[in-house]
Structure formats: structure tokens, C-alpha cells
Amino acid sequence: MATRYILTKEEPTLYKKSRPVKKFDERLHQLLDDMAETLQESGGVGLAAPQVGVLRRAVLVIETNVPEGEEEKLIELINPEIVSASGEQRGAEGCLSFPDEYGIVTRPMEVTVRAQDRFGDSFTVTGTGLTARCFCHEIDHLDGVVFTTLCERMLTQEELEKGQAEE
Ligand code: ZN
């Protein structure tokens, strides 16, 4: 495994649409393993392939809503589609490609995603709260959509210093 460079907001690749993954081969596994290492090192909760410069429909999300004592779970979503969404949450959101920028984004409270795993097998997974927010945020990346275009407003420096980005 190796960490990969995370593209920042100036890079045009971030705004391009990613293509479906068709080959579930060693190369995909290498990408996913590298993305996992990159994500772990970054301290974030999600990462999309275009953020490491690969325009393929693959994302990672860390499921943080786990029972106490259990480890957080890394979810690999290949060719993900949101199949249902309900409820609403409004809160601060950030992105590894936009260091130190946070904005208020409204997202569904619960989201169900249909995707393939690294071997091409289909499954569905439901996330709530932060995980639902993360599913939406990462899947948006696959369509070249970044969170700053969805923000009702960005947080000010003062709010950031007060720690409101921790919401
Ligand atoms: Zn992001």
C-alpha cells in the first residue's frame, strides 16, 4: 500500500465526471488499498477516487456509527447509486480537497446506497447521520460536484475558531 496525493480545489480533475468501474481486478484493489491508507492518514471520514486523480466511480466511507467497543468500519462502494433517502440534517461539512474550509450543507438524515464490492458483487447499505452525509458527499465527487457549490454559506474564521466545524 501507498498513500496518494489528494488533489486540492484548483485541480480541474475534481470537477470532472468519473466513469464506471468495469474491471474488478488487481489494479482496482491496489487503488482501494492506497485510498484506504490515504484516508486513514488524512483523518477524514470519506474519500473518492477522483480526489486521488483517478476518474473512476469508487469511494470509501468510514462508518463511525458503531456500537461501543467495536472498530469503525471501512465501506468500499464501487459504482454506487443512492436508491433512497429520507429525513434532513443541516450542519457543517468539509472536504479533504478543501483544507480548512467548512460550510453549512443540508443532506438527508438516512441514505441507502446500492453498490458493488471490490469483487463486483452487488449489495445495499444504509447510513444515518454522518455516514449518510458522507455517502452523499463522496458520491457527489463522482459527478464532479464539490460541497462548496451546495453550501448555504461557508463558516467564518471566527466560527471555525469556536469549534463549530466539529458539529
Ligand atoms: Zn470531499
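Which residue in β3 is the bridge partner of E63?

Reply: The bridge partner of E63 in β3 is K73. Before going further, note that this is a predicted model, in which local features need pLDDT of at least 70 and side-chain atom pairs count only at pLDDT 80 or more, whereas totals for chains, interfaces and linings use all residues. Residues are numbered from 1 along each chain as its sequence is written, and side-chain values use heavy atoms, with hydrogens and water left out.

E63 belongs to β2, and the pairing of β2 with β3 is antiparallel, extending over six bridges; strands here are DSSP runs of E of at least two residues and helices are runs of H or I of at least four, both numbered from the N terminus, and two strands pair if DSSP finds at least two bridges between them. β1 also runs antiparallel to β2, joined to it by three bridges, and there G46 has V61 in β2 as its bridge partner. These strands are part of an open sheet of five, ordered β1-β2-β3-β6-β7 with antiparallel pairing. Its edge strands, each pairing on one side only, are β1 (46–48) and β7 (122–128), and the twist from one strand to the next averages 40°, where axes are lines fitted to C-alpha atoms (for helices over the stretch in contact) and angles run from 0 to 180 degrees between N-to-C directions. At the β7 side, strand β6 (residues 110–116) pairs with β7 over seven bridges in the antiparallel sense, with E110 standing opposite T128 in β7.

Returning to β2, six of its six residues are buried, buried being under 20% relative accessible area, exposed over 50% and partly exposed in between, with a 1.4 Å probe and protein chains only. In a regular strand the side chains alternate between the two faces of the sheet. In β2, A58, L60 and I62 point one way, while V59, V61 and E63 point the other.

Helix α2 (residues 130–142) lies across β1, β2, β3, β6 and β7 and runs at about 165° to β2. Taking the expected span as 1.5 Å times one less than the number of residues, the 13 residues of α2 should span 18 Å, which agrees with the 19 Å between its end C-alpha atoms. Because 12 of the 13 residues of α2 are buried, the helix is largely enclosed by the rest of the structure; among the buried ones are R133, H137, D140 and H141. G144 follows α2 with a positive phi, near 75°.

The structure holds 11 salt bridges, each defined as a side-chain nitrogen of Lys or Arg within 4 Å of a carboxyl oxygen of Asp or Glu. R133 forms a salt bridge with E93, the closest N and O atoms being 2.5 Å apart, and this pair links distant parts of the chain, since E93 lies in strand β4 (residues 89–93) and R133 in helix α2, 40 residues apart. E93 is buried at 4% relative accessible area, and R133 counts as buried at 7%. The two also belong to a network of salt bridges that links E93, R107, R133 and D140.

C95 sits in the loop between β4 and β5 (103–107), 42 residues from H137 in helix α2. C95 counts as buried at 11% relative accessibility, as does H137 at 6%.

Finally, β3, the strand that holds K73, has a salt bridge of its own: the side chains of E76 and R118 meet at 2.8 Å, N to O. E76 lies in β3 and R118 in the loop between β6 and β7, so the pair ties together parts that are 42 residues apart in sequence. Both E76 and R118 are buried.

How values were computed:
Contact = heavy atoms within 4.5 Å.
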